[in-house]
4 protein chains.
Amino acid sequence: MKRNSDKYNRIIEAAVKVFARKGFYNAKVSEIAKEAKVADGTIYLYFQNKDDILISLFEVAMEKILRNMKGRLSRIEDPIKKIELFAAVHLELVEKSKDLAEVIQVEIRQSSKFMKEYRNDKFIDYLNLIADIVREGQAKGVFRKDIVPGIAKRAFFGALDEMSRYWVLSTRRSYSPQIAAEQISRIFVTGLIPHPDHPPEGE
Amino acid sequence: MKRNSDKYNRIIEAAVKVFARKGFYNAKVSEIAKEAKVADGTIYLYFQNKDDILISLFEVAMEKILRNMKGRLSRIEDPIKKIELFAAVHLELVEKSKDLAEVIQVEIRQSSKFMKEYRNDKFIDYLNLIADIVREGQAKGVFRKDIVPGIAKRAFFGALDEMSRYWVLSTRRSYSPQIAAEQISRIFVTGLIPHPDHPPEGE
Amino acid sequence: MKRNSDKYNRIIEAAVKVFARKGFYNAKVSEIAKEAKVADGTIYLYFQNKDDILISLFEVAMEKILRNMKGRLSRIEDPIKKIELFAAVHLELVEKSKDLAEVIQVEIRQSSKFMKEYRNDKFIDYLNLIADIVREGQAKGVFRKDIVPGIAKRAFFGALDEMSRYWVLSTRRSYSPQIAAEQISRIFVTGLIPHPDHPPEGE
Amino acid sequence: MKRNSDKYNRIIEAAVKVFARKGFYNAKVSEIAKEAKVADGTIYLYFQNKDDILISLFEVAMEKILRNMKGRLSRIEDPIKKIELFAAVHLELVEKSKDLAEVIQVEIRQSSKFMKEYRNDKFIDYLNLIADIVREGQAKGVFRKDIVPGIAKRAFFGALDEMSRYWVLSTRRSYSPQIAAEQISRIFVTGLIPHPDHPPEGE
DNA sequence: TATGAATGAGAATTCATTCAT
DNA sequence: CATGAATGAATTCTCATTCAT
């Protein structure tokens, strides 16, 4: 419904704030309404129910994130640089949109309800960007062929995601997104073992 | 509370099942009681409230997991083998205790409520097992020194954890725990780039 | 809360009936809702909780009683007649509003909870109407000066109140409010001992 | 059951404390048990249920109070002195046994439940001690005959009782029991109007 | 479209009472 | 007699959702 209305977006934005603050189950619809400066009932003109707010919020956000990431990746050739870019962009985004990151991280995943009943295509697409990079690297002979892209994508995403969770849930933050991104992509690209062809960067 | 009785454990086990099936917020205390074959009120002789069931469950489980993992790691010297073992043991455990894994994954680690309000020492200890391996490897000159253990531990754990989430939340399972563990530790140890000293697949 | 609606008053009136019938602790909120013909939840739009219903009920009633009593007393000069009037009005009110009287009598007083935690200003004001009459009488030389108004007010109110309790809690009623009021004020004004200047009234 | 057992009395005494502290409805049987240093179940060997504790407590106490008051009154001839004695003894007792007084006052006498359902003979006997004094005074020509003893007894008791309530529920206490007793009996005996034969203050 | 008062289903928790030991 | 772990009925209050205005 009316996805472009001003109120639709206000409600989404309000929901991001409230869900991040309270968590999905402890957030009240009336609180979102208040934050969005609309009446409680108005929310039900734009969303079917509370669940639908969360799902819509997620889809709208992932749509944007996905488009952005695709665009940025398309301008690069080197699979290694793509991996590095993915990490950097992902963690910057988390850094810039803390509330949104928290909701996506915590609330969407938490609801086994959603993850089980709801086919999370956008998220799968996002993961597959990584698998595509890996496959591309393998085709180009840059990446080793004994790594399964379907596992590598989860491993790489999981690594970034755990870093995000740490930022999102703890108040302090020991490492900058740049450093974290660089470290994580370095581990993935060259591994923990010293690599003759790839001496550590910047040293 | 009187932890002597077997009722305490029966309730914990019932809670694992019910939380895994329904999620924390959709699980009813009376359902846990029924599953544990005790009266509703009995639960409150052993736990302060619903939250306390979840937290206790987590602590009891992490205690055991932590002790087991420590024991297994202590019998190995080689940091590379330790990384491989960690991955294998972690994923086997998830495989063996699906319900428990799901509850820990989804309901506790993903819960803003619990992760924000409650100091999760056991989990931190678990993560630090990884940091310790990395540090040890660096000290022995086996691992590169430009990797920050505090980031590596999260990256490695996150990779395993995302793999688990996939198993736990999807019904099908494309890869065996053994293969996943082996792949993930390979990526971490040697990276995506072909490594002259470490040809693929243990040859 | 929105006191404009007639629902507020309907709930108060329903609560008076139900509390009188069952007592505060044995009254169910759902019963009050039913009696007021509103949904259970509606009560919580107008009152914070069950306690608040009782307190609000009390304040609303005392407000009215206090205003009425003040108005009636202000039209009289003679302190003796004021004492007589107070007794008459108080007991008539009890007679006319049995349920309300019972709730005020029994439920509010009973709750040590309420009487201890809740500063019962309206009731104190009501008592002080009596102290004022006594003081006025002493100033005018009509009442003896060796009586402490702060004790006399409690003695007089207590006498009326015990009479009320008797009516409210027993089903039968041996004496009319008029006779009781007249007897009690007579005792207070002239005492038990035959008084030369004040021969018994009406004989 | 076993009214003379040590435990019976310990439970009664514990109940007095707990009911005074929390009120009947907010008092927990287990709390009484704890205070009495017996097991929860033991209470049910001596009392049928929670109500029965309150009623028994009341009967035991009234029995004693009644016997004491009767004994003291029987040693005096003058009805005026008897009135004075009654007031003094009643208020002293309240003073000495605060908890007990509060429970009788607030929890029993103010309880619709108990006062409606339960025929309160001991209390009626106590009130009738006053009626008897009045009647005796009237027979001896000391008290005026136009006062109805059945009303006077409630008025006098109510006056004392309101004074007690004040002490019991407020923490401070403005007047000593002696002064209050003396004032209240003075009002009852001679009234508010200056009385030629009875100048103030016992002269 | 927008409102927000009203609804009422639903669930956690308490605690008097029981009964096996 | 005494215990206290276990029971489960019972009730307040919340909050997503509706619908008359």
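**Surface near DNA strand F and the C–D contact**

The residues of the surface near DNA strand F divide into 10 nonpolar, 11 polar and 11 charged. Here Ala, Val, Leu, Ile, Met, Phe, Trp, Tyr, Cys and Pro count as nonpolar, Asp, Glu, Lys and Arg as charged, and the others, Gly among them, as polar. This is a predicted model, in which local features need pLDDT of at least 70, side-chain atom pairs count only at pLDDT 80 or more, and totals for chains, interfaces and linings use all residues. Residues are numbered from 1 along each chain as its sequence is written, while chains are lettered from A and ligands numbered from 1 in the order in which they are written.

Colleague: How many residues surround DNA strand F?

Modeller: A residue is near a strand if its C-beta atom, placed from the backbone, lies within 6 Å of it. The closest are A:N49, B:G41, C:G41, D:A39 and D:G41. The number surrounding DNA strand F is 32.

Colleague: Which element gives the largest share of the side of chain D that touches chain C?

Modeller: Contact requires C-beta atoms, placed from the backbone, within 7 Å, and it takes 49 residues from chain D and 49 residues from chain C. Helices (H or I, at least four residues) are DSSP runs, numbered from the N terminus. The largest share is 13 residues, from α9(D).

Notes:
Contact = placed C-beta atoms within 7 Å. Helix = DSSP H or I, 4+ residues; strand = E, 2+ residues; numbered from the N terminus.
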